[in-house]
2 protein chains.
Amino acid sequence: MTGINDTWFDNSIAALGDPQNQRVWSVIVSLFGDMAQATGDRIGGSTLTRIIGPIGIKPEAIRVALHRLRKDGWIESARIGRTSVHFLTDFGREQSAAVTPRIYCRTPEIPTDWHVLIDEEGAGHSTLDEMLLAHSYISIGRHSALGAGPIPANCEDLLSLRVSAINAPDWLKTRIFPRDLVQSCQSLTRDLEHLSDVPKHLSPFQIATLRTLVVHRWRRVVLRYPDLPDGFHPQDWPGIACRTRVFDLLDHLPRPNLAALTDDPEP
Amino acid sequence: MTGINDTWFDNSIAALGDPQNQRVWSVIVSLFGDMAQATGDRIGGSTLTRIIGPIGIKPEAIRVALHRLRKDGWIESARIGRTSVHFLTDFGREQSAAVTPRIYCRTPEIPTDWHVLIDEEGAGHSTLDEMLLAHSYISIGRHSALGAGPIPANCEDLLSLRVSAINAPDWLKTRIFPRDLVQSCQSLTRDLEHLSDVPKHLSPFQIATLRTLVVHRWRRVVLRYPDLPDGFHPQDWPGIACRTRVFDLLDHLPRPNLAALTDDPEP
């Protein structure tokens, strides 16, 4: 039985892994964000190695990545006896919390109300740039942006239009959903096809490894695009199928208790 | 009685005339467009002189202007015995007819349906430029334009938005209604204030002179802006008052028969 699980596990890692594009520090961020985001959550150094080792990441690479994450203020580490534990800083927790809703949203509500803001060309400062920074806007060009909901306050410098119908041309679809993003989403959708029939007796560590991989790849797709009506999607955009498969899989890989991910020697 | 009319007439010419900005060929175009637009309509050379002389335009200037208008294909001239007559070419008539509806429209219908077209920045050709040429669009910037009515066909290259509410910023109001246009409209509105109580016994020539002046100045305002909801107007735009006064006056200066404007010697 264990043998079959291990085979399924090994095949799944192979299907989901993305060896040429693996930023170790980012994989670690995905792991913490998914399984150790709460205040007080800690992961031991050898646990970390055991979870992400199977992906093909060596302990030395983990050490370097942790050093970087500490330097960037995301992670703190502490010695407990002869071992290390690692945990998110308040800053790291805030950053994770900010994107958590979007990553784990199963059925996003597509806004039905939209507006467009157009700035004056050639004007010195840009009210529009400030709006783009402060709120969720989709840039159409250097002087115009699309946003959901009603026209906000403080837009007197901008031409603001409430829109009742939008027809998106191909160049705008490509601007919002560039080819490399579409390909990432397509390849994740395809790779997830291999992960049906999740075995019942995966170990907590195996589950942690798989969750980390899935969340990591999904994060790098879903955080790159806004929720839009279907008219904005390139014809081959598999956003809905991708999301469905991500959650089907995560539902069969329930988050392990951190207590179960202790530094026990492997069986 | 004639004396009083002449005084009123002289005062009115002084109020309406625009000596520093008088393009003689353009005044002649206004005259023909207003009073001699139909096929077969002709105006004799000395009639022309008698109509626009009081404005301060000398016969030599008229000759030069006619020469230019013939060269540009607007006017044709013919000798009849020892006199000349002048008349619009088919081309001149087409040009006049194209703007006649707008000049003489008393109560324009302001469109309630609007749409915006946005072009891709940096693209080689511009679908938007073609739209702007072919249809009545208000340019917002180099890549966006506002148009009345539903979204037209053949716009797949453009982002097209049906708009249900528009808030126009000052820079757009100024773009559509530049200061010099606002000032022209204001000064015409003010000048027309002096022309109330039109006397009953103006001669056909006097009426022709006044109509030419009014139409000429009104033309140079009304053909420079599109009909828009009030939210687009600068705060000091007197468009409605101006139009009202123009038509109040024209209603009291009924177009003279061309037969009445013959080369009879002055009384």
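Me: How many bridges join strand 1 of chain A to strand 3 of chain A?

Reply: Strands pair if DSSP finds at least two bridges between them; strands (E, at least two residues) and helices (H or I, at least four) are DSSP runs numbered from the N terminus. Here two bridges join strand 1 of chain A to strand 3 (residues 83-88) of chain A, and the two run antiparallel. Within this pairing, A:Gly44 stands opposite A:Val85 in strand 3 of chain A. This is a predicted model, in which local features need pLDDT of at least 70 and side-chain atom pairs count only at pLDDT 80 or more, while totals for chains, interfaces and linings use all residues. Residues are numbered from 1 along each chain as its sequence is written, chains are lettered from A and ligands numbered from 1 in the order in which they are written, and side-chain values use heavy atoms, with hydrogens and water left out.

Me: In what order do the strands of the open sheet in chain A lie, and which are the edge strands?

Reply: The open sheet of chain A has three strands in the order 1-3-2, with antiparallel pairing. Its edge strands are strand 1 (43-44) and strand 2 (75-80), each of which pairs on one side only.

Me: What is the order of the strands in the sheet of chain B, and how many bridges join strand 2 to strand 3 there?

Reply: In a regular strand the side chains alternate between the two faces of the sheet. The open sheet of chain B has three strands in the order 1-3-2, with antiparallel pairing. Strand 1 (43-44) and strand 2 of chain B stand at the edges with a single partner strand each, so one side of each has no neighbour in the sheet. Six bridges join strand 2 (residues 75-80) of chain B to strand 3 (residues 83-88) of chain B. Along this pairing, B:Ile75 stands opposite B:Leu88, and B:Ala78 has B:Val85 as its bridge partner. The two strands form a hairpin with two residues between them, and B:Gly81 in the turn has a positive phi of about 65°.

Me: At what angle do helix 2 and helix 9 of chain A cross?

Reply: Axes are lines fitted to C-alpha atoms, for helices over the stretch in contact, and angles run from 0 to 180 degrees between N-to-C directions. The axes of helix 2 and helix 9 of chain A come within 9 Å and cross at roughly 110°. Helix 2 of chain A is therefore roughly perpendicular to helix 9 of chain A (65 to 115 degrees; under 35 is roughly parallel, over 145 roughly antiparallel and the rest oblique).

Me: Which side chains meet in a salt bridge at 2.7 Å, N to O?

Reply: Side chains of opposite charge can pair when their charged atoms come close. A salt bridge is a side-chain nitrogen of Lys or Arg within 4 Å of a carboxyl oxygen of Asp or Glu. The side chains of A:Arg211 and A:Asp34 meet in one, at 2.7 Å from N to O. The pair links distant parts of the chain: A:Arg211 lies in helix 9 (residues 204-222) of chain A and A:Asp34 in helix 2 (residues 24-35) of chain A, 177 residues apart. Over all chains, a search of the whole structure finds 24 salt bridges.
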